[in-house]
Each structure stands twice: as structure tokens, then as C-alpha cells.
Amino acid sequence: MSSSLRKQFLGFMLFVGLVPLVSLSYLMYESIGNSIRKSEIEKIAELNRERTKHVEMLMKRAKEDLGALQANPLLTDPNGDEVMALGELERLLANYRLFSDFSVYGTDKRIKFSTNIHSEAIDHSVEFRDACNGVEAVSNPEIPRTREEGDERSLEVSVYLPIRNKYTADIQTVLKASLDFGRISDLITGVTNETTEGLILMDHRGNVISSSIEGYPVKEKFDGNKTNIATWTAVPTGKHVDVHGEEHFFSVNVIPAEATQVGSPWLLLALEPTTDVNRFLSQLKKMILLITVFTIACAIFVGAVMGERISRPVIDLNEAARAVAGGDLEKRAVEGRGVKEVSQLAKSFNQMVTELKGHQERLEFLVSKRTVKLRESEAQLKISAARLQAAFNNSLDGILLTDENQNVVMSNPVFIEMLNLPDNLERIGFNEMDLREYLLERVTRKKDRKELLQAILSPEAVFEKEFDITVPIEEEETEDRVVSLYTTPIIGDDEDTGGRLWVMRDLTETRRLEDNLRQSQKMEAIGTLAGGVAHDFNNLLTGITGHLSLLDMEHLGENHANNKDLLRHALQASGRATDLVKQLLGFSRRSHIELRPCNANEVATEVSELLRHSINPSITIQTELHSDPWLTLCDPSLLSQIIMNMSVNARDAMPDGGNITLSSENRVVSAEEALAHPDAKEGRHVCITVADDGEGIPRAIQKKIFDPFFTTKEQGKGTGLGLATCFGIAKQLGGWITFESEPGEGTAFHIYLPWTEKTDASSETETKPEFVGKGKNETLLLVDDETVVRSVAETLLRKLGYNILTAGDGVEALEIYEEKGSEIDLVMLDMTMPRMSGNETFTHLRERFDYVPVLICSGYLVDLKTFQDENGTVPDGFVQKPYQIEKMAATVRSVLDHAETAAA
């Protein structure tokens with residue numbers, strides 16, 4: 001009966017204890033195997049991602065290195081030494097480990113020099129032709145043309161860079177750089193885990209372009225069953241059985257086209273044989289099998305020998321096994337109970353569970369580590385997204401994105417504000433068709449509207465154009481703007497169109513500043529021209545007025561009364577011509593101005609009183625002057641001329657009467673306001689405004705009103721120099737003029753003059769020189785290049801009792817003075833002469849000879865202080881052209897008398 005009980009106990013123990021044990025062993029084996037396989041696949045995938053980043057970094061570094069080569073002065077110098085250039089390329093080749101060769105070709109396709117020996121001296125590739133046209137070109141991976149038969153070198157990518165002449169910017173040579181995939185493979189292998197069998201780098205068609213597997217051929221399909229990126233990336237990780245039937249773990253990563261720099265993506269495949277994992281699982285299976293067999297043997301032995309004695313420990317062990325099978329790895333069998341074998345079985349069981357728990361903890365640790373990395377990646381992704389969103393929202397350009405269905409998905413505030421669109425374009429269903437219609441309605445020029453319509457009809461069109469648009473502001477008000485529009489389709493990795501990008505830039509302010517600059521440059525050029533014309537005109541007037549003065553000195557008798565009237569009219573006409581020349585000199589800023597602190601209110605009040613008594617009574621003169629105006633440094637007579645000229649123009653704009661308002665204010669011009677006008681400066685200024693409510697200035701001529709000789713008045717009623725003179729005077733005073741005008745509503749001119757801290761408003765009263773008697777037989781040297789001017793001055797001075805020597809230029813004057821210097825009492829020196837100018841002649845006189853009095857004669861008003869700053873000394877006087885006999889005689893006599901007194 002005991003035997004039967006042992007058999008029953010044994011059978012019951014086998015059924016109750018060993019079946020769960022076998023199940024647990026099987027589950028444990030499967031669980032550990034799956035975990036190990038998953039761990040290996042994740043490990044190889046992580047390593048492959050790191051290698052992919054390394055490849056992208058290498059390609060990026062290669063592009064940066066080539067960018068530095070393109071600007072190398074030894075390559076861009078057209079007169080450079082080719083030997084030095086080749087030496088520089090060989091030095092750079094030693095430093096840039098990614099490149100196997102640098103070659104320089106002429107634009108005739110022939111090689112000039114190279115760091116390697118080439119079998120082909122001419123390059124007929126399409127990429128070379130693109131480089132000759134100024135486009136950087138990159139070839140697809142290919143077998144090097146220089147590879148000899150039997151050579152197992154890897155593929156290369158050829159990069160063609162146009163090298164421009166650093167003086168002319170013309171393309172003079174083409175640099176061809178060979179990127180060796182063998183070196184890329186070596187660099188990648190340097191970071192490869194030692195358990196990885198190898199790396200395969202393929203192009204988008206599945207062709208092998210680099211391999212770390214020894215002897216693996218390039219330019220061949222890696223696997224006939226998987227020929228392109230799409231089939232490989234459908235399942236990026238897993239197992240792969242190659243054509244030889246060998247099983248590998250694999251991981252695939254795609255290197256996008258923008259990272260490869262060659263226009264198409266690459267695929268990096270990492271392989272690891274499953275041999276080690278299978279060997280480990282096989283050993284684990286044997287161990288579990290041995291444990292199971294050992295447990296069964298122990299159970300049979302204990303059941304046979306101990307029977308009832310070991311039934312309880314077996315039951316306990318069975319319960320522990322069931323708990324472990326249920327996932328409770330903290331459960332342990334009770335040790336030390338029953339026979340030694342049962343106790344040993346419990347101990348072995350606990351050891352097995354402990355090992356299983358250790359495996360589980362290691363797996364949980366790996367999973368936790370991967371989870372932390374995943375969360376860190378998600379955090380970095382959120383930060384990057386936030387940065388991109390900030391850049392998108394704060395861009396100075398308007399940006400709008402649409403999806404493949406032409407619906408708006410994103411728009412930044414600048415785009416909305418620039419076109420005055422609703423804020424919620426995404427929610428109201430605004431799409432590309434609405435945007436196109438909106439733009440077409442607001443484009444100003446018909447030609448631009450036609451080009452825009454033709455360009456945006458094609459969904460694949462890339463369009464960039466600058467044009468004028470009219471944007472609604474509020475209700476019926478609109479604003480004209482100049483914008484630059486760029487739009488292009490968004491192409492995905494699968495080369496399908498995924499929407500469209502719209503970028504708009506407001507160029508209104510830029511174009512306005514460019515117009516102001518062109519206007520300023522035009523006024524500068526016209527001023528230079530006016531100064532030159534005034535100088536030549538002055539010389540002509542000198543001859544005319546001089547001869548008239550000579551005729552006037554003849555004291556015509558009663559029989560010549562009619563001739564006296566004619567002479568008087570001629571002198572009056574020459575006087576008007578002289579005033580016109582002074583206006584031209586004022587516009588060209590060639591006249592000297594005596595500046596002193598001035599109260600603009602006093603000048604405006606004086607002009608207003610004069611206007612009230614001299615213009616049509618139907619025109620009302622009003623003043624709105626600041627109670628405590630700042631002082632400005634200017635010539636009151638010139639400021640009065642500006643206000644008077646503008647007031648006369650205002651009067652002419654109101655033939656039926658109206659109001660003229662003269663006002664003043666203290667203004668602090670900011671840096672932003674100064675940018676609005678090319679002559680404006682920031683800081684304190686006094687602003688005088690002359691405003692009327694007359695006809696206004698038509699928009700078509702507003703840019704011309706400051707041009708000399710431009711006038712809208714009838715023939716004979718205006719010289720066209722009024723506003724031009726005002727412009728020149730204001731600029732010479734350090735200020736500027738702006739205006740506002742609307743046809744039918746009136747015009748307001750604003751004169752800005754700089755503020756001064758000086759408070760002394762006194763000025764020396766100019767006294768009219770009295771006519772002085774004739775000369776005392778002194779000898780004068782008259783130097784002037786104009787024959788008629790020289791003749792007039794000589795005749796006038798001889799009539800005054802002087803002996804005259806004449807010279808046509810500075811060189812002739814120095815020769816005469818060197819010969820007859822002891823006889824010469826005074827030199828009258830013109831400033832503008834050929835061969836040697838008046839300044840140079842004056843300097844030579846002072847350096848080479850003893851002191852002699854010198855009078856400067858010029859049509860320009862000469863600032864003697866500035867003259868002294870430029871030449872180190874000052875002349876004894878100045879005579880203005882055209883000559884007025886009284887002033888000239890007085891000045892000559894005064895200088896001679898002063899020199900005589902100083903000598904005594």
C-alpha cells in the first residue's frame with residue numbers, strides 16, 4: 001500500500017509540481033529570448049542612429065571645408081602661381097581627411113593641376129558645365145575615373161565649385177573635389193560597436209556605395225528582394241536573411257537629401273549576426289532543460305523514498321512555482337524542510353527564480369533607460385518646435401503656409417498685418433484661391449497682374465516678383481505699398497507636393513529711402529553744375545559790367561542823353577544778372593555766409609509785416625510763433641529770403657485770395673525721423689513753416705519743385721530759382737526743407753535749422769566802402785586766365801592811375817614776378833586757372849619770394865578763414881567778380897596803403 005501511495009504521490013507530484021515547472025521554464029525561455037532579441041535590435045538601432053548623425057556631420061563638414069576652399073586667395077587670384085596653388089591644395093588635402101583628390105580645371109574643360117595623376121585631362125560632365133555657369137554641382141556616387149584595373153577603391157562623389165576672380169567676380173576656374181566613400185567608411189567604422197558585423201551605405205535605388213564588410217562589391221544591389229529605400233524603410237528594424245541564408249539583426253536609417261548634399265537620400269544599414277544570441281538562447285534552453293530534468297529526477301527519487309514525508313514540501317514547492325508562473329517573482333520555496341533532496345530542489349528552484357528576476361530587472365533597467373532618452377528627445381523636440389514657432393511669428397517677412405488641398409494651415413502676424421487680412425484665416429476656410437484673388441484685385445499695374453496670374457496658375461510654379469499693391473486700411477481708406485512676393489511649392493521626401501509657401505516682404509520704406517537718396521544725389525549734381533555755370537557766367541558778366549563801367553566813366557555830355565539812358569538800362573540788366581548768379585552760387589553752396597545767432601521769430605515777423613503791405617489785400621497773413629523759440633545759427637537776410645520766396649509762391653497759388661500762415665516751433669528730431677529725409681539730422685532744431693490754403697502742388701511735379709529753372713509760371717514770370725535757392729541756402733545753413741501738399745487743399749513748407757547754444761546775436765554792420773582816389777603810379781600784377789576779364793580789369797586799373805602787368809595763369813605769373821618782383825607792389829590773383837590754380841600760385845609766392853600784398857579775385861565768395869586753414873596763411877584782401885569799380889578801387893587802395901604803412 002505504501003508503494004501505491006508513493007506511486008500516487010509521485011504521480012500527483014509530477015502532475016501538480018512538474019507541469020507548472022515545465023510551463024514556467026518554457027515561458028521564461030520565451031520571455032528571456034524575446035527580451036534579448038528586442039534588446040539587441042534596439043541597441044543596434046540606437047548605434048545606427050548615432051552613425052547616421054555621424055555621416056550627416058561628415059557631409060556637412062565636407063561642405064563647410066569646400067566653402068572655405070572656394071574663397072581661398074591662392075585659387076581666386078588670376079595672377080597667382082599654380083605651383084603655390086597646388087601646394088596649398090596638397091596641404092589642405094592632408095588636413096581634410098574626407099577628400100581623396102583636389103583638381104583645378106580651366107573653363108575650357110582641361111585640367112590645370114591636381115593633387116593626383118588623372119588619366120582623363122578633359123571633363124565633359126554635366127556637373128562641370130553647371131559649375132562653369134556659376135552653380136555648385138555635385139555628382140552621384142560613381143567609380144573614380146582614375147581607378148586602375150583590379151583596384152578595389154570605393155566610390156567617390158565629385159563636387160564642382162566655381163572659383164571666381166577676386167577682382168572681377170568672373171568665373172576663372174572650376175575646383176573639383178573628390179569625396180572618398182572609403183574614408184567615410186573608415187571614419188564610421190571608427191565609432192562602430194565591435195559586435196556589429198558591418199555597415200552598408202546604399203543610394204536611393206539600393207546600390208551599395210560604401211561597405212565596411214571586407215570585399216563587398218560597390219555599385220551592386222545589396223539584396224535583390226529589396227531594391228530601394230521604400231522597401232527597406234517599410235520595416236526599419238528586425239531580422240534579415242541574406243542570399244546565403246544567414247540570419248542577421250538589422251537596423252535601417254535614411255539620410256535625407258539635404259544632408260547628403262547630392263540631391264537624393266541615402267540609406268545606412270547596420271547588420272549584426274544572430275549567432276551569439278542564438279548560442280546564448282541555446283545554452284539557456286539546455287540549462288532550463290537540465291534544471292527541469294534534475295527537478296524531475298529529484299521528485300521521483302524523493303517520492304519513491306520519502307513518500308508522505310516529502311508530500312508537504314512538494315506541495316509548498318508547487319505553490320511557489322504557481323506563484324512564480326503567475327508573475328510573482330518575489331515568491332520563494334521554503335528551504336530546509338523534508339528530505340535533503342526536496343530541500344535542494346527548493347533551493348535550486350529559488351536560485352532559478354532569482355536568476356529570472358535578475359534578468360527581468362536588467363530588462364526593466366534597459367526599458368527605463370530607453371524611456372528616459374525618449375522623454376529627453378521629446379523635450380528637445382518641443383524646444384525646437386517652440387524656437388521655430390518664435391522665429392515664424394517674429395519674422396520681419398510675412399509667411400503663409402497652405403496644405404495639399406490649398407487650405408491655409410499657418411500664417412504669421414506680419415503677413416496678416418501687411419495685407420490687412422482677418423486674424424483667423426485657418427478657421428474661416430481661407431485658401432490659396434482667395435489669396436490669389438485678393439492679390440490680383442490689389443495689384444496696381446496691369447502688367448504685374450498678368451505676370452502674377454500666369455505664375456500662380458501652375459501648382460508647381462516658383463514665383464518671385466516685386467510689385468505695387470493697394471491695401472485697405474479702414475473703411476474706404478487705402479494705402480499704397482511696394483511688396484516683394486515669393487511663393488514655391490513644398491516638396492516632400494516622396495517628391496509629392498505637400499502645399500505651398502508664401503513669403504511677402506514690405507519694401508515700401510526701402511524704396512522711399514532710395515527715392516530720397518536719388519533726389520539728394522540729383523540735387524548735388526545739379527548744384528555742382530550750377531556752380532560751374534555761375535563761375536563761367538561771372539567771368540562773362542565781369543567783361544560786360546566792366547566795359548559798361550568804363551563807358552560810364554567817360555562822363556557823356558548833354559548830347560548823349562539817350563546813350564546815358566541806354567547805359568543805365570544796361571547796367572541795371574547786368575545788376576539783375578549778377579543777382580541771378582548770386583542765387584546760383586547760393587544754390588550750389590559756393591557762396592560764403594556770415595553766420596550769427598538768430599531769432600527766427602524776428603525774421604518771420606519782419607517778413608510778415610513786409611508782406612502785409614505788398615501783396616493782394618484778399619490774402620491774409622497770419623503768424624503762429626513759439627513763445628520762447630530756440631536760437632539758430634544763420635544769416636538773417638538769407639532766412640528772410642527763404643521765407644519771402646516761399647510766401648511769394650504761396651501768394652501765386654491763391655489768385656482769388658486765401659491765408660498764408662507763418663509759424664515756428666522747437667523740434668527735437670529723433671533718429672527714426674531723421675531717416676525719412678536724406679539731409680535730416682537728429683537733435684534740436686528750429687522749424688519755420690510757411691503754409692497756405694491754395695491750389696496745392698500736383699503730385700506729378702512734386703519731385704521736381706526744387707530743381708533749378710523748373711517753374712510752372714508763364715514765360716517771363718519766373719526764373720525757376722526760387723525754391724532751388726531756398727533748398728541750397730537751407731542745406732548750407734546745416735538744415736533741410738520738407739513739404740506737404742494736396743491738390744486743392746494747400747501746401748506747407750517746413751524749414752529745419754539747427755539749434756545753437758550761442759546767445760550773442762550782435763553782428764558787425766557792413767559799411768559800404770567809400771570811393772578812394774586814383775593810384776599813385778604803383779605797379780600791379782594782374783593774373784587771370786580769361787582774356788576779357790583781364791582786359792577789363794587792366795583798363796579800369798589803368799584809368800585809376802596804376803601800372804599793370806598781366807599774366808594768363810599761375811606759371812606765367814611766377815615767371816614775371818621772378819623777373820620784375822622788385823617793381824611789383826600788389827598781385828591780383830584769380831582762383832580758378834589752368835596749369836596752376838590761385839591757391840597753388842599764392843602758396844609759391846609766399847614760399848619763394850619776399851612778402852608782397854595779394855588780393856584774391858573770384859566769382860565765388862571766398863571765406864578768408866577757410867583759406868587760411870587750407871594754405872597756412874591769409875591773403876590781404878578779396879575782390880568779388882564781376883568787378884564794381886568803386887569797391888575794387890577802394891580795396892586796392894586800402895591794401896596798398898596798409899602795406900605802405902607797415903613798411904614804414
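I count a residue as buried under 20% relative accessible area, exposed over 50% and partly exposed in between, using a 1.4 Å probe and protein chains only. By that rule, buried residues make up 44% of the 904 in this chain.

Ground rules first. The model is predicted, so I note that local features need pLDDT of at least 70 and side-chain atom pairs count only at pLDDT 80 or more, while totals for chains, interfaces and linings use all residues. Numbering runs from 1 along each chain as its sequence is written, and side-chain values use heavy atoms, with hydrogens and water left out.

Next, the inventory. I find 24 helices and 27 strands, taken as DSSP runs numbered from the N terminus (helices H or I, at least four residues; strands E, at least two).

Cysteines next. I looked for disulfides, meaning pairs of cysteine sulfur atoms within 2.5 Å, and the count is zero. C687 is buried at 1% relative accessible area, and C726 is buried at 1% as well.

Then I checked helix α17, residues 636-652. Its 17 residues should span 24 Å, and its end C-alpha atoms are 24 Å apart, which agrees; the expected span is 1.5 Å times one less than the number of residues. Buried residues in α17 include L638, I642 and M646.

Last, a sheet. Five strands form an open sheet in the order β24-β23-β25-β26-β27, with parallel pairing, where pairing takes at least two DSSP bridges between two strands. At the edges are β24 (803-807) and β27 (877-880), each pairing on one side only. I see β23 (residues 779-783) pair with β24 over five bridges, and L782 has T806 in β24 as its bridge partner.
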